[in-house]
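Subject: Structure handover

Hello,

Here is the structure I promised you. Please open it first, then read the notes below.

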Amino acid sequence: MLPTPLASPIGAAKIFLYSKDVDMRKSFDGLHALVQEEFQRDVRAGDLFLFLNRRLDRIKLLHWDGDGMTIWMKRLEAGRYQRPTMSPDAKHVEMDATDLALL
């Protein structure tokens, strides 16, 4: 069995936003599969992966915290998240903490 990589500290984590709409019924396994297939990254590196629904009123964040995956979800009661501008063929966009706060 391979050793599990240690998660990077939250401040050092990269932040990735998936460019397509995601079915918010997806949980750990479904979101983990998207990270592997679309981002070509290992969730155990400690990066943050963000997913928005079609209506842009819900967001999920997938993160490895060192000994397991965590999911945070937020549903807006009013308003919408604003997806950043990205090229039409992009699968994801890398963000920084400021971009995340503005999202």
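Let me start with H1. This helix has twelve residues and reaches 15 Å from its first C-alpha to its last. That is close to the 16 Å expected at 1.5 Å a residue. Please keep in mind that the model is predicted.

Which residues of H1 are buried? They are Leu31, Leu34, Val35, Glu38 and Phe39. Seen down the axis of H1, the buried residues fall within an arc of 105°, so they line one face of the helix. The face turned away from that buried side carries the exposed residues Asp29 and Glu37. The cover over the buried residues of H1 includes S1, S2, S3, strand S4 (69-75) and S5. Just after H1, Gln40 takes a positive phi of about 55°.

Now the whole chain. Two helices and five strands make it up, and along the sequence they follow the pattern β-α-β-β-β-β-α. The chain has 103 residues, and 36% of them count as buried. Take the contacts between residues at least 6 apart in sequence: 58% of them join residues at least 24 apart. The accessible surface comes to about 6,600 Å², and carbon and sulfur atoms account for 52% of that.

Next, the cores. In soluble globular proteins, nonpolar side chains tend to be buried together. Here the largest nonpolar core has 13 residues. Those with the most contacts inside it are Leu17, Leu50, Leu52, Ile59, Met95 and Leu103. Strands S1 (15-18), S2 (48-52), S3 (58-64) and S5 (92-95) each give two or more residues to this core. The largest share, three residues, comes from S2. A second, separate core has twelve residues, including Phe16, Leu34, Phe49 and Phe51.

Ile59 is worth a look. Leaving aside neighbours within four places in sequence, Ile59 is in contact with Leu50, Phe51, Leu52, Trp72, Met73, Lys74, Tyr81 and Leu103.

Then select Arg58, which sits in strand S3. Is Arg58 buried or partly exposed? Its relative accessibility is 24%, so Arg58 counts as partly exposed. With neighbours within four places in sequence again left out, the contacts of Arg58 are Met24, Phe51, Leu52, Asn53, Met73, Lys74, Arg75 and Tyr81. Arg58 and Arg75 are 17 residues apart in sequence, yet 4.5 Å apart in space, C-alpha to C-alpha.

Last, the aromatics. A search of the whole structure finds six aromatic pairs. One of them is Tyr18 with Phe51. The ring centres of Tyr18 and Phe51 are 6.0 Å apart and the planes are at 55°, so the pair is tilted. This pair links distant parts of the chain: Tyr18 is in strand S1, Phe51 is in strand S2, and 33 residues separate them. Tyr18 is buried, with a relative accessible area of 5%. Phe51 is buried too, with a relative accessible area of 0%.

Phe39 and Phe49 make another pair. Their ring centres are 5.1 Å apart and their planes are at 75°, so this pair is edge-to-face. Phe39 lies in helix H1 (residues 28-39) and Phe49 in strand S2, so the pair ties together parts that are ten residues apart in sequence. Both Phe39 and Phe49 are buried. Phe16, Tyr18, Phe39, Phe49 and Phe51 form one aromatic cluster.

Best wishes

Definitions and conventions
Residues numbered from 1 in each chain as written. Predicted model: local features only at pLDDT ≥ 70, side-chain atom pairs only at ≥ 80, totals over all residues. Heavy atoms only, no water. Core = buried A, V, L, I, M, F, W, Y, C linked by side-chain atoms within 4.5 Å. Buried < 20%, exposed > 50% of the residue type's maximum accessible area, 1.4 Å probe, protein only. Helix = DSSP H or I, 4+ residues; strand = E, 2+ residues; numbered from the N terminus. Contact = heavy atoms within 4.5 Å. Areas by Shrake-Rupley, 256 points an atom, 1.4 Å probe, with all protein chains shown as cover. Phe/Tyr/Trp six-rings, centres within 6.5 Å; stacked < 30°, edge-to-face > 60°. Expected span 1.5 Å × (residues − 1). Arc of directions from axis to C-beta.
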